[in-house]
Amino acid sequence: MKSDRSEIGDRAAIAGIGQTEFSKDSGRSELRLALEAISAALDDAGLRPEDVDGMATFTMDNNPEIEINRYLGGGDLKFFSRTHYGGGAACAPILHAAMAVATGVCDVVVCYRAMNERSQQRFGAGVQGRPPMPVPEVVHFGWHSPYGLLTPASWVAMNARRAMHEYGITSEDFGRISVADRKHAATNPKAWFFEKPITLEDHQRSRWIVEPLRLLDCCQESDGAVAVVVTSLERARDLRSPPVRIAAAAQGATTDQQMMTRYYSEDILGLPEMGLVARQLYQTAGVGPGDVATAIFYDHFTPFVLTQIEEFGFCGRGEAKDFIKGGNIELGGGLPINPHGGQLGEAYIHGMNGIAEGVRQVRGTAVNQVEGAEHVIVTAGTGVPTSGLILGVG
Amino acid sequence: MTPEELRQRLDPIVGREGAPQHAPDPVNEPMIRHWCEAVGDLNPAYLDDDFAAASLHGGRVAPPAMLQAWGMPGLRPRGEIRSGPMGEVLALLDAAGYTSVVATNCRQEYARYLRPGDRLNVTAQVRSVSDEKKTALGVGRFVDQLMIYRDIGGEEVARMEFRILKFRPPARATAEAGTGRPRPRPARSRDNAFFWEGVDERRLLIQRCDGCGRLRHPPGPMCPDCHGFDWEAQEASGRGRVYSFVVAHHPPIPPFDYPNLIALVELEEGTRIVSNLIGVSPDDVAIDMPVEVVFTQVDPDLVLPLFRPIPGR
C-alpha cells in the first residue's frame, strides 16, 4: 500500500553523482574536496553551477553552503538544510532535497559530504577535551565520559556485548560482515582496500579495539567527498545520465532515542529507529524485503549490520547471525550487501559513498553489479537518529 | 617512518666516529671540589694539596669517576649540542616517536689519573641501536655509545661505554608527569546537579517522579510517563548486576589506564548506569555478575561512583 509520500518518488530523482578519490591524506582542503565532488556530480548530470538553487548536508560537515556556492560560482540559493546526528544524517539530505524539489521550493539541490576524516579530524580518536557545558548533549555525554567511554567503537561495543549474550552471536559472526565487505572492495578499483580481501582468520587475529570489537570490526577512517544532485524526475529525464528515482526516503528517531548510547531502554538489542525507517521506506515505495536485490547497510561497526538485516525484515530478531552464513550476503548470495565494499572496504565518507553506490546499482553501472537491482536500500548511521532510501529505476 | 626505513637511516651513522669535541674547561680544582662535595667523596688526594703532594700521586688528582663531567658541554653550550653521530641518531629516534630518554648503563675504563691542567677532547661513536624492545617504561630502542677521552698529546686517558634507552612515553606516564588531562568532567546542569552533588557526598541517587513514582536515569526535567515536572531524589542501595560491559584497548586516551573496563550496571532499583568496574580482571567479568558501588576519589576534585564485585558472591 502506497502513501501520499510516494509522490515524492514520482516528482524527484537523482540526476548525478560525483566523488573524489578516497584516501588517507587527500592533501587538499575539505572545501576543495566538496567542490571537486560537486563539480563531478553536476557534470554527471549535465548541469551547470548556476543551475543549483538548493543545498543539503550534515551538521557535521565543515563546509558552509555559502562558501561552496561562492567558489562554485552559483547564483541564488533558495533552499539549504542540514541534518544532525553524525552519520545518521546520511540519507536525510536526499529526503530534504526531494521534498524541496517535489514541492517546487527549488529546482536543483546539491547534497554533499566532504571530509579529511583521516588526515585532519579522526572520529575514531574519540571525544576529548570537550568543556563540560550545561547543554543537553554535553550533559548526556557526561554520563559516560568520566569513565572513558569516549569512542564510537566503545559505544557500539556495549550493545554488541549484550546482543552476543542474548542471541549467542560470536566474534566470527561479526567477522563475516567484514569478510563480505572486503571481498567486494577487493574488486572495486575505487576502494581503499582494492585487491586486499581478508579471511575470517585475519579477522579473528586482528587486535582488540574495544572488546568485543576487533580492529577489523571497525570501518576505515578516510579522506574524500561525495556529492549527489537531486532534481525533478521530469527534468532528470532530459539530462545526461539516466535518472534514479527516490522511491522512498525517510528519517527516524523513536521514543527514548539516544545518540550512540541506547543503554537505558528495556531493550537495548534492536535499532528501533532503523525499524521505523524501514517501515516507512517499504510503505512509501510499495515494496518489501523480497523485492530488494541489494542493500547498502551503514557499516561503521559490524554488529549493527546484523541488526539492520533484522530491522529490514530479511530475517527475525536474533537470526541475522544465521542469515549471513554461507556467503548469503556476498555477491551471488541471497542478499548481497555493500557491493562497493562498504565503509569497511571502500571508504568512510559518512554513508554518502553508499548512496553513490546505490545510484550506480540502479543505473546498472556498478563495478560489482548485482543483477536485477531495481530496488536498492541505502541506510545511514546506526545507533543514532537515522535515515534511509529506497532507490529505483527512473 | 617504518622500522625498516628507520633502520636504513640509522645504519650509515652507526660505527662512524664523530669529530673530537674539546672539553670546555681544563681539569681544575674548583670543579673537583664541587663534585667531591656533591658526591660525598672527601678523599684528601682530590682535595688537600699537602696530602696529595706527599702521596704516591705527587700532587692533586681528579676522581676517576668524575670523567664524564669533563666532557659535558654545559647548560648553554656554544654551537650545536646535537652535533655528531649521537645527535643524528637522537634526532632520528625523536622523529620516530621515541621522545623520552633514560640512561641505563655506564662503564668507564681509566688509563691514568687526570690532573689539574689536563686539557681533554672527546670523540664519540654510536656503536649500536637495538630493534624496538618492550620495557617497563614503554617501547623503545637502546643506544650504545662509546666515548674516548684523549689528552692534548693524543694519548687515550679513559673511555666510557654509555647506554641509553630512547622510548615512547606511555599515556599514563605522561599523565603522572602532570602534562596529561584529568578525567573528563561530567557537565552539571540544573537537571542533573542533584546526582553529582549526591556523589560528592558519597550517595548514589535516582530521580523519582512525584506524580507516578517512576525512577529515571539518566535524570531529566520532565516525566515521560505522567508528564509531571516534580520529582525527588531517592538513595539507591548501590547494589546491582553487570548488564553489559566493554574492555577498551585503543586508542589510549589520557588519563585512563588500559585495558579500561567499563560496564553498564543495572541497579537493584531497575535503572541502569554506566561506570568503571574495579577490583576485577576483565577476564573475570561476566554479564549478571553482582556488583556494588564504591565511591572513589579519582582526581583531587572528582569523586565517581565506581563499581566492584560484591565479595563472596
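A residue counts as buried when its relative accessible area is under 20%, and in this predicted model Pro212(A) falls into that class because its relative accessible area is 4%. Pro212(A) is found in the loop that lies between β5 (208-211) and β6 (213-214) of chain A. When neighbours within four places in sequence are left aside, the residues in contact with Pro212(A) are Ala157(A), Ala160(A), Arg161(A), Met164(A), Phe174(A) and Asp217(A). Between Pro212(A) and Leu389(A) there are 30 Å in space, C-alpha to C-alpha, and the two are 177 residues apart in sequence.

In chain A, nine strands form an open sheet with mixed pairing, and their order is β3-β2-β4-β7-β1-β8-β11-β10-β9. The edges are taken by β3 (79-83) and β9 (294-296) of chain A, each of which has a single partner strand, so that one side of each is left without a neighbour in the sheet. From one strand to the next, the twist averages 25 degrees. Within this sheet, strand β1 (residues 12-19) of chain A runs antiparallel to strand β7 (residues 223-232) of chain A, and seven bridges join the two; Gly18(A), for example, has Ala227(A) in β7(A) as its bridge partner. Helix α2 (residues 30-45) of chain A packs on the sheet, where it touches β1, β4 (108-116) and β7 of chain A, and its direction makes about 130 degrees with that of β1(A). Helix α14 (residues 352-363) of chain A also packs on the sheet, touching β1, β2 (54-58), β4, β7, β8 (244-252), β9, β10 (375-379) and β11 (386-393) of chain A, with a direction at about 115 degrees to that of β1(A).

The largest nonpolar core has 103 residues, and those with the most contacts inside it are Phe297(A), Ile309(A) and Phe314(A). Helix α6 (residues 152-167) of chain A gives the most to this core, namely eight residues. For Phe297(A), the contacts beyond four places in sequence include Val305(A), Ile309(A), Phe312(A), Phe314(A), Leu335(A) and Ile377(A), together with Gln308(A), Asn338(A) and Thr379(A). Another core, of 43 residues, lies apart from the largest one, and among its members are Val230(A), Ala249(A), Ile349(A) and Ala356(A). Helix α4 (residues 92-102) of chain A is mostly covered, as 10 of its 11 residues are buried; the buried residues include Ile94(A), Leu95(A), His96(A) and Val101(A). Just after α4(A), Gly104(A) takes a positive phi of about 80 degrees.

In chain B, helix α1 (residues 3-10) and helix α6 (residues 84-95) pack at an angle of about 170 degrees, and their axes are 11 Å apart. Because angles over 145 degrees count as roughly antiparallel, α1(B) and α6(B) are described as roughly antiparallel to each other. Leu6(B), Arg9(B) and Leu10(B) in α1(B) meet Val89(B), Leu92(B) and Leu93(B) in α6(B), and the residues of this contact divide into five nonpolar, no polar and one charged.

Pairing between strands is also found in chain B, where strand β2 (residues 100-110) and strand β6 (residues 156-167) pair in the antiparallel sense over 10 bridges, with Cys106(B) opposite Phe162(B) in β6(B). Strand β5 (residues 138-150) of chain B pairs with β6(B), likewise in the antiparallel sense, over 11 bridges, and here Arg141(B) stands opposite Lys166(B) in β6(B). The hairpin of β5(B) and β6(B) has five residues between the strands, and in this hairpin Gly154(B) takes a positive phi near 85 degrees. Arg141(B) is also one of the contacts of Ser130(B), which, when neighbours within four places in sequence are left aside, touches Arg7(B) and Phe142(B) as well. Ser130(B) is found in the loop between β3 (121-129) and β4 (133-135) of chain B, and Ser130(B) is buried, with a relative accessible area of 16%.

Three strands of chain B form an open sheet with antiparallel pairing, in the order β8-β7-β9, and the edge strands, β8 (215-216) and β9 (231-235) of chain B, each pair on one side only. Strand β7 (residues 205-209) of chain B is joined to β9(B) over five bridges in the antiparallel sense, and Arg208(B) stands opposite Glu232(B) in β9(B). Helix α8 (residues 193-200) of chain B lies across β7 and β9 of chain B, and runs at about 145 degrees to β7(B).

Definitions and conventions. Residues are numbered from 1 along each chain as its sequence is written. Chains are lettered from A and ligands numbered from 1 in the order in which they are written. This is a predicted model: local features need pLDDT of at least 70, side-chain atom pairs count only at pLDDT 80 or more; totals for chains, interfaces and linings use all residues. Side-chain values use heavy atoms; hydrogens and water are left out. Helices (H or I, at least four residues) and strands (E, at least two) are DSSP runs, numbered from the N terminus. Buried means under 20% relative accessible area, exposed over 50%, partly exposed in between (1.4 Å probe, protein chains only). Contact means heavy atoms within 4.5 Å. Axes are lines fitted to C-alpha atoms, for helices over the stretch in contact, and angles run from 0 to 180 degrees between N-to-C directions. Angles under 35 degrees count as roughly parallel, over 145 as roughly antiparallel, 65 to 115 as roughly perpendicular and the rest as oblique. Ala, Val, Leu, Ile, Met, Phe, Trp, Tyr, Cys and Pro count as nonpolar, Asp, Glu, Lys and Arg as charged, and the others, Gly among them, as polar. Two strands pair if DSSP finds at least two bridges between them. A nonpolar core is a set of buried Ala, Val, Leu, Ile, Met, Phe, Trp, Tyr and Cys residues joined through side-chain atoms within 4.5 Å.
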